[in-house]
Amino acid sequence: MQAKKRYLILLSAGASLILLFCFGGIQVPLSRRGPGRRDDHSLTGYHPGARWRHISPRQKRDSNSGLFTGRRCRMESCFNFSLCERNGFKVYVYPQQKGEKLSESYQNILSSIEGSRFHTPDPAKACLFVLSLDTLDRDQLSPQYVHNLKAKIQSLPLWNEGRNHIIFNLYSGTWPDYTEDLGFDIGFAMLAKASISTENFRPNFDVSVPLFSKDHPRTGGERGFLKHNTIPPYRKYMLVFKGKRYLTGIGSDTRNALYHVHNSEDVVLLTTCKHGKDWQKHKDVRCDKDNIEYDKYDYREMLYNSTFCLVPRGRRLGSFRFLEALQAACVPVMLSNGWELPFSEIINWNTAAVIGDERLLLQIPSTVRSIHQDKILSLRQQTQFLWEAYFNSLEKIVLTTLEIIQDRVLLHASRSSLMWNSLPGGLFTLPQYSTNLGDFPFYYAKLGTKPYPKFTAIIHMVTPLVSQSQPVMKLLVAVAKSQYCAQVIVLWNSDKPLPAKHRWPVTSAPISVIEGESKVINSRFLPYNTIPTDAVLSLDEDTVLSTTEVDFAFTVWQSFPDRIVGYPARSHFWDSNKERWGYTSKWTNDYSMVLTGAAIYHKYYHYLYTTYLPASLRTMVDQMSNCEDILMNFLVSSVTKLPPVKVTQKKQYKETMMGQSSRASRWADPDHFAQRQTCMNKFANWFGTMPLIHSQMRMDPVLFKDQVSILRKKYRDIERL
């Protein structure tokens, strides 16, 4: 009997299943029609006979847009690497279409790409493509919203379902849901998106970028506000926040609860209901009190005088306060569950921020109070590094995005985490030069190593060799006698033929003569493969230095391998009358440049000078045959955020006044000084700021000019005139 009952139950259940299947109650998944693409019915959650079924916000979002057509995309599945094999990592920006308006921010993004070394005007050489259609603001209520974007993109002949394209976006979705829907099918394109959630972020494909304001500078950018490493590192406030309080909807939960933690003393968390046109219709009993308290405090004063800054989510996951806190050296306390933090692929945010949980708001004050002062100082210093390395200008945000993608494409030559998370940062450590940390001038201390204890001298010659008594012959002998000299390279930039080998002196260190590329002045900074040492001693042919002076300068450089170390110093100043930068060669206690006519630096700067700087600046230098030394100083100070190092010598450095018929007589040219003034401003304009830093430090030989016996001095020849 029991068996008969079980049989009837199974029979009725089977019949029910058949009926449900026939009338659509159960849907059998269909095969996928492409990478990450589902059948339309499965994608939308719709099926006949089940209209009553609840559709989740995520399903609704998917049904309204094809944003997630490539939701499972990764570089290996949705990116065509073959486009990068022929010409390397090059980026093409579509020409702007007639009648299409661009926001200032999007125009700055495109300008940053077009001004970078990645840009190519030829789409056939491109590895990555960027739309000229403004995709930054996809909030339908925004005046910046571009209509009919779907049709405009689909009509592009190079679109190819979005493959090898990257789309920049700051705002997506609109009130009241604020979803991450862009309103068009991005196909297999990558997203460089602000406020992106970990749920929708496609690792190793998308790039999370910070939310920045329309006033964010395109180039240059301000430095961080950490001026002194005070111990203990505490400020007036422990934890602060000042911003809108959303009474209802997304983002309201956390901000509505901040008053529980606010104590009006060292934890000051302020919100206001005064936003929107009809805020008074929705205000609650706390609004008036909150508004009064809100108006008592100045936001900037709080920001710069707090140890920690709360960064809760707004309507979207990202917030302007994130970048504001970084710049102010106020350690961000993140309260935005599910936010994929900016550049998370390369940045270790645990070293610069406190990652909180919105559900544990009441524990935040005790958590930040428990952080040791050494850790606070470390967090604060890292905020400054990250701000200046990747976030303080739109150009750096864009270049960081492109460098991340390039590292994926050239995986064998990608940067390490240490390169990205320590000075000077990934933008200045180019993996095409090397992936070995020991080959760069920045990591010797971290690795516990020292640079190679020899240098290669490069003497720049433009004057024909007519006499054995020329200054260059004495210079060759003095440099080659140095105990640290590995070899001497004479860079022949003269129009005359190369002199015969017997014309050059016989020295213990080998001398090789090479012809400069196109006889241009920038050829002195080319990354020659014949340089075997880390250090380069750059010399003009008319430089007067003794062997002892060369030895001393190299010894000093070994302690400062990331800087320019040398003898001839110059300085810059701001001319308020002309409202421009000025250049001065006056001998004062202050300097900001050490000229490369007699200076030692790491050979990596040759590669950076040739590869990183734009062709327009190097072309200008070649055309004037001037300012290459200033440009190198700009570059090195921009990388290190430090001044060069001047060493003293027994006599003033002299730029020998040669005959007017000589190409080397630039110091006697009346236009030479005016050109250098022009260069200063051209360079500062490209860098977006003035990177040169003033210093008064001079390195003197030990026991120089004192009463100790000359025989007991290490650099005794310096005292002899």
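Biologist: To which residue does a disulfide join C84?

Modeller: A disulfide joins C84 to C127, with an S to S distance of 1.7 Å; the term denotes a pair of cysteine sulfur atoms within 2.5 Å. C84 lies in helix α5 (residues 82-85) and C127 in the loop between α6 (104-114) and β2 (128-130), so the bond ties together parts that are 43 residues apart in sequence. Helices (H or I, at least four residues) and strands (E, at least two) are DSSP runs, numbered from the N terminus. The torsion about the S-S bond of C84 and C127 is about 50°, and the disulfide is therefore right-handed. Both C84 and C127 are buried, where buried means under 20% relative accessible area, exposed over 50%, and partly exposed in between (1.4 Å probe, protein chains only).

Side-chain values use heavy atoms, with hydrogens and water left out. The pLDDT, the predictor's confidence in each residue from 0 to 100, averages 86 for the protein, and 85% of the residues score at least 70. Over residues 17-55, however, the pLDDT is below 50, although this stretch has 45 contacts in the model beyond near neighbours in sequence; a contact means heavy atoms within 4.5 Å. Residues 57-67 also stay under 50, and for them the model has 28 contacts beyond four places in sequence. Where pLDDT is low, the predicted coordinates should not be read in detail.

To return to the disulfides, the structure holds five. With the bonded cysteines numbered in sequence order, they pair as 1-2, 3-4, 5-6, 7-8 and 9-10. One of the bonds is formed by C73 and C78, whose sulfur atoms are 2.0 Å apart. Its torsion about the S-S bond is about -80°, so the link of C73 and C78 is left-handed. Both of these cysteines, C73 and C78, are buried.

C309 and C330 form another disulfide, with their sulfur atoms 2.1 Å apart. With 105° about the S-S bond, the link of C309 and C330 is right-handed. This pair connects distant parts of the chain, 21 residues apart: C309 is in strand β10 (residues 306-312), and C330 is in the loop between α12 (321-327) and β11 (331-335). Both C309 and C330 are buried.

Among the loop residues, L170 lies between β4 (165-169) and β5 (171-172). At 5% relative accessibility, L170 counts as buried. Leaving aside residues up to four places away in sequence, L170 touches L136, A194, P210, L211 and F212. L170 and G318 are 148 residues apart in sequence, yet 9.3 Å apart in space, C-alpha to C-alpha.

Finally, three strands form an open antiparallel sheet in the order β19-β18-β20, two strands being paired if DSSP finds at least two bridges between them. Its edge strands, β19 (580-584) and β20 (593-594), each pair on one side only. Strand β18 (residues 569-575) pairs with β19 over five bridges in the antiparallel sense, and S571 stands opposite T584 in β19.

Methods:
Residues are numbered from 1 along each chain as its sequence is written. This is a predicted model: local features need pLDDT of at least 70, side-chain atom pairs count only at pLDDT 80 or more; totals for chains, interfaces and linings use all residues.
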